[in-house]
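User: I'd like to learn how to read a few features of a fold. Could you walk me through them?

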2 protein chains.
Amino acid sequence: MRPNDDVETAQSTVSDVGEAGLLKIIFPYLEKQGKDLIVGVGDDAAVLSPTACFQHSMVLTADMLVEGTHFPSRPNLQWRLLGSKAIAANLSDVAAMGGIPSHVLVSLGLPPDVALREVVALYDGMREMCQTYGVSIIGGDTVRSPQVIVSITAVGRMPDGVSPALRTSCRPGQNVYVSGKLGGSKAGLMLALNPSIVSLLEPRVVQVLLERHWTPQPQVTLGAILAMICPDLAMIDISDSLVHELKTLAEASSCGFDIYVDKIPFPPEIVAYCNMTNEKIEDYILFSGEEYELLFCTRLAPDQLVARLRELGQSASIATIGKVTESRGLVRFFDSSGREINCDDRTFEHFLPPQINCSDEHKS
Amino acid sequence: MRPNDDVETAQSTVSDVGEAGLLKIIFPYLEKQGKDLIVGVGDDAAVLSPTACFQHSMVLTADMLVEGTHFPSRPNLQWRLLGSKAIAANLSDVAAMGGIPSHVLVSLGLPPDVALREVVALYDGMREMCQTYGVSIIGGDTVRSPQVIVSITAVGRMPDGVSPALRTSCRPGQNVYVSGKLGGSKAGLMLALNPSIVSLLEPRVVQVLLERHWTPQPQVTLGAILAMICPDLAMIDISDSLVHELKTLAEASSCGFDIYVDKIPFPPEIVAYCNMTNEKIEDYILFSGEEYELLFCTRLAPDQLVARLRELGQSASIATIGKVTESRGLVRFFDSSGREINCDDRTFEHFLPPQINCSDEHKS
């Protein structure tokens with residue numbers, strides 16, 4: 001039977017249903033689990049099982065970035081940083097499965113008037129990020145297009161005998177952890193979009209926040225080690241926002257979350273930034289995209305987890321930010337006094353009509 | 001050292017140097033051959049060696065199609081056929097290595113006003129082509145973009161103990177073969193672009209030619225069998241045009257070709273088409289893109305090759321069309337009387353300024 005025969009698609013457009021609705025349309029076409037597919041659609045990456053073909057499980061993920069949607073239009077486009085970040089986004093998806101990325105294919109759409117030095121800068125940025133993580137660029141495509149398009153596929157493998165870390169593995173009672181510090185990427189984006197406020201801040205603060213936005217580092221080693229040491233790991237990378245990823249996990253695992261906002265680490269520079277802009281710090285911590293930190297759940301207690309990480313030479317900072325609950329789909333946030341905070345999801349939505357006043361609309 | 005420091009990129013744009021110049025810029029960034037890479041950049045697909053990670057050699061290829069560059073803009077876009085053809089192009093690249101495709105990742109850029117039924121049609125077309133070849137769609141990305149973008153990565157494997165068929169393996173004295181019949185895809189494209197000439201032809205002729213253009217079939221089984229039975233196989237798929245692929249092989253292998261144009265099979269419907277349009281049949285045979293037939297060279301004689309294919313149950317039609325020569329870079333064409341024909345390359349070039357009178361500019 002042809003999928004979507006029963007869907008009322010005749011009169012609707014992509015923007016009528018948004019990204020989630022679109023994914024529902026596409027879902028029936030995608031392989032779920034089969035003889036050689038451990039993880040299909042619906043997680044950070046697909047994982048092929050070690051069969052006759054592949055001795056280790058293979059991890060595959062793809063990501064497309066379009067000028068004007070995901071990054072600023074020329075001439076404001078910073079090519080080198082775009083290259084670096086495009087690779088980071090893909091490696092982060094492999095890391096979020098607990099996989100080790102090894103190769104990428106890069107398909108590039110370029111308008112004919114793009115200067116060659118900009119193409120060079122883009123590849124410089126991609127190569128730099130690839131080299132940091134021992135990843136090779138092995139192929140792709142280059143085509144003419146009216147906008148700049150960067151479409152990347154990353155390939156990796158699972159470590160020996162390690163299962164992929166799934167979004168569906170959250171269980172009530174598990175601790176909720178994040179790696180690193182959140183919020184800096186969004187503050188850096190605001191600075192990039194509003195140069196007029198830059199002069200109102202200390203140069204050091206500006207630099208730190210712009211770096212958080214432009215050169216996020218995927219947690220490749222930490223992801224693989226967590227998948228090795230946590231027997232019950234659920235994991236996702238923070239590409240849209242903490243709130244968005246929590247909702248995604250809650251839906252995938254049919255669970256809920258109680259999150260203590262004052263437990264979430266943030267870079268101290270955000271305090272200076274929010275004092276100046278008169279905004280709330282939690283709006284940055286909770287709704288910052290492209291952080292590429294890991295959000296994960298395991299029953300392992302913080303002291304156990306930190307001890308195991310230290311044994312393995314991992315000094316990555318992690319923080320316990322809450323608990324997995326049984327309240328299906330309910331993500332609750334609490335402040336330091338234990339009072340619940342109302343957090344409507346303000347994450348970027350690809351297919352809804354642009355909202356001029358929504359600062360999250362243009363992510364990078 | 002940073003690549004391209006010595007390239008005069010400061011003042012040039014992509015359209016100044018064209019696709020070939022752009023590839024020269026990108027080339028230094030791409031992994032060539034390494035411990036785990038049998039085939040790097042410069043062939044139809046990358047091939048990873050069977051190492052600790054992967055028991056068989058893995059074949060990877062990526063392809064990006066952009067509205068207005070590779071296929072007609074909406075509302076003239078035929079979504080189902082686009083889906084089918086986009087998959088065919090990628091499977092054909094795997095086939096041209098002698099590989100067996102198994103999985104694809106599809107990244108899709110969509111304008112918000114696209115109707116959902118069009119997304120459904122696109123995926124119907126992709127699924128149909130995938131199912132014909134036992135391939136699964138396992139992931140990808142969906143994003144907002146001003147144009148429709150279809151960016152596909154195909155994954156496959158080499159058959160047991162079989163080496164990839166390279167563009168660099170042509171040797172003087174080898175026979176040159178093509179599978180199938182050439183020219184129909186270009187004639188079908190002309191019919192699609194110029195509906196006014198449709199009524200001047202028999203409906204059956206129109207239908208055959210449009211089908212050649214819209215639903216080309218990648219030669220997946222033939223490619224893998226050829227890689228198994230020809231010890232000296234060089235191979236490429238015809239995605240741009242026969243002339244273009246011959247030039248690509250000549251450059252990659254530092255050889256030349258003598259091609260006998262009357263030996264190249266073509267669909268009989270092209271005769272009726274060219275009689276009506278008053279064009280030369282060889283302009284269609286030699287310059288037709290998106291045929292997805294295989295062009296290959298081996299020292300095996302035609303009777304040996306056909307006998308081996310028959311033993312393996314392969315009835316695919318193949319034709320001997322010429323010889324590999326020692327004349328480096330020289331591709332010569334001869335007519336039935338042995339006279340040389342002058343064939344300037346009229347293949348589609350992505351990054352040169354549009355030439356309004358060049359019928360090859362918009363390929364599909």
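User: Let's take the sheet in chain A: what is the strand order in the open sheet of 7 strands?

Analyst: Helices (H or I, at least four residues) and strands (E, at least two) are DSSP runs numbered from the N terminus, and two strands pair if DSSP finds at least two bridges between them. In chain A, the order is 8-10-7-11-9-12-13, with mixed pairing. Strand 8 (234–237) and strand 13 (340–341) of chain A are the edges, each pairing on one side only. Bear in mind that this is a predicted model: local features need pLDDT of at least 70, side-chain atom pairs count only at pLDDT 80 or more, and totals for chains, interfaces and linings use all residues. Residues are numbered from 1 along each chain as its sequence is written, while chains are lettered from A and ligands numbered from 1 in the order in which they are written.

User: How many bridges join strand 7 and strand 11 of chain A?

Analyst: Strand 7 (residues 175–179) and strand 11 (residues 318–325) of chain A are joined by 5 bridges, in the antiparallel sense. One to look up is A:Val178, whose bridge partner in strand 11 is A:Ala319.

User: Which helix packs on that sheet?

Analyst: Contact is judged by C-beta atoms, placed from the backbone, lying within 7 Å. Helix 6 (residues 220–229) of chain A touches strand 7, strand 8 and strand 10 (294–298) of chain A, and its direction makes about 10° with that of strand 10.

User: How do helix 4 and helix 5 of chain A cross, and at what angle?

Analyst: Axes are lines fitted to C-alpha atoms, for helices over the stretch in contact, and angles run from 0 to 180 degrees between N-to-C directions. The axes of helix 4 (residues 184–193) and helix 5 (residues 203–214) of chain A come within 7 Å and cross at roughly 105°. That makes the two helices roughly perpendicular, a label for angles of 65 to 115 degrees. Among the contact residues are A:Leu189 of helix 4 and A:Trp214 of helix 5.

User: Which residues of helix 5 of chain A are buried?

Analyst: Buried means 20 or more other C-beta atoms within 10 Å of a residue's own, exposed means 12 or fewer, and partly exposed is in between; the C-beta atoms are placed from the backbone. In helix 5 of chain A, the buried residues include A:Val205, A:Arg212 and A:Trp214. Their cover includes helix 2 (79–95), helix 4 and helix 8 (269–277) of chain A.

User: And A:Ser315: buried or exposed?

Analyst: A:Ser315 counts as exposed because it has 8 C-beta neighbours inside 10 Å. A:Ser315 sits in the loop between helix 10 (302–311) and strand 11 of chain A.

Notes
Parallel < 35°, antiparallel > 145°, perpendicular 65-115°, else oblique. Contact = placed C-beta atoms within 7 Å.
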